[in-house]
Amino acid sequence: MGDIVEDALIFGKDGLTKYCIVNREADCASKTKLGGKDMELVQSILTNNPCYKEGKKITVKGLMLHSVGCPQPNAETFVKRWNNPESRRACVHAFIDGNSGKVYQTLPWNHRAWHCGGGANSTHIGVEMCEPACLRYTGGASFTCSDKEAAMAVINRTYSAAAELFAYLCKEYALDPLADGVIISHKEGHGRGLASGHADPDHLWKGMQCGYSMDTFREAVAAAMKCGHGGRQNSGL
């Protein structure tokens with residue numbers, strides 16, 4: 001999760017996704033297979049959010065992975081909460097739903113978001129993974145879990161969907177997922193002086209002792225790209 005940082009670099013590149021769009025206003029849905037997998041993206045641009053209205057653009061140099069830091073698996077909850085003129089604290093490019101794995105795109109990819117409270121707002125796309133409902137935060141990044149099996153179903157789903165999305169974005173913006181500083185977490189961004197002092201999503205994986213890390217995630221993105229996942233599509237926005 002992030003805070004507003006006022007400095008910005010203004011660049012340009014077409015921003016909206018070119019693959020699998022679910023247009024809710026038109027009440028129609030479609031799925032596109034990416035390398036044999038269904039990736040469903042719901043276009044839910046936060047047109048009432050001050051960050052969207054500000055309209056600043058970036059040259060995409062990397063991708064930052066977040067998790068929401070609260071026990072809420074439903075991405076639409078965040079979309080509805082943040083799509084209003086009073087939402088001045090944060091704005092990200094996408095949420096990944098914990099129940100379905102759907103990606104809710106909330107900003108055009110080339111818009112400058114308020115996702116990390118630091119300089120990476122001007123260089124990195126920010127994506128939030130929703131978290132299991134069975135977590136209970138006890139202070140800071142510490143939490144307890146009442147149902148590990150249910151929690152891991154959500155974590156596996158968001159991890160996989162994030163890897164597919166990041167594979168697409170790496171192809172779209174000609175990024176090497178294994179290059180230094182290209183794919184980072186909020187926690188890693190803080191360590192580089194590019195983001196505020198948050199621990200996500202590393203704290204979630206470590207706390208669940210599930211074996212996931214940013215190193216395994218970067219490898220998963222690279223593997224998805226080699227397998228043809230995340231391929232660029234010609235239809236949609």
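## Salt bridges, step by step

Asp215 is exposed, with a relative accessible area of 52%. That value, like the others here, is computed from a predicted model.

**Exercise 1.** Find which side chain meets Asp215 in a salt bridge, and work out how the two residues are placed in their helix.

*Solution.* Start with the partner: the side chain of Arg218 meets that of Asp215, at 2.9 Å from N to O. Next, look at the helix: both residues belong to helix H6 (residues 214–226) and are three residues apart, so about one helical turn separates them. Now check the accessibility of Arg218: at 12% it counts as buried, because buried means under 20%. Finally, follow the shared partners: salt bridges join Glu188, Asp215 and Arg218 into one network.

**Exercise 2.** Explain which parts of the chain the salt bridge between Lys102 and Glu40 ties together.

*Solution.* First, the contact itself: the two side chains meet at 4.0 Å, N to O. Then locate each end: Lys102 sits in the loop between strand S5 (94–96) and strand S6 (103–105), while Glu40 sits in the loop between strand S2 (37–39) and strand S3 (41–43), so the pair links parts 62 residues apart in sequence. Last, compare with the cut-offs: Lys102 has 27% relative accessibility and is partly exposed, whereas Glu40 has 15% and is buried.

**Exercise 3.** Decide whether Lys56 and Glu54 are buried, partly exposed or exposed.

*Solution.* These two form a salt bridge, with their closest N and O atoms 4.0 Å apart. Lys56, at 21%, is partly exposed. Glu54, at 32%, is also partly exposed.

Definitions and conventions. Residues are numbered from 1 along each chain as its sequence is written. This is a predicted model: local features need pLDDT of at least 70, side-chain atom pairs count only at pLDDT 80 or more; totals for chains, interfaces and linings use all residues. Side-chain values use heavy atoms; hydrogens and water are left out. Helices (H or I, at least four residues) and strands (E, at least two) are DSSP runs, numbered from the N terminus. Buried means under 20% relative accessible area, exposed over 50%, partly exposed in between (1.4 Å probe, protein chains only).
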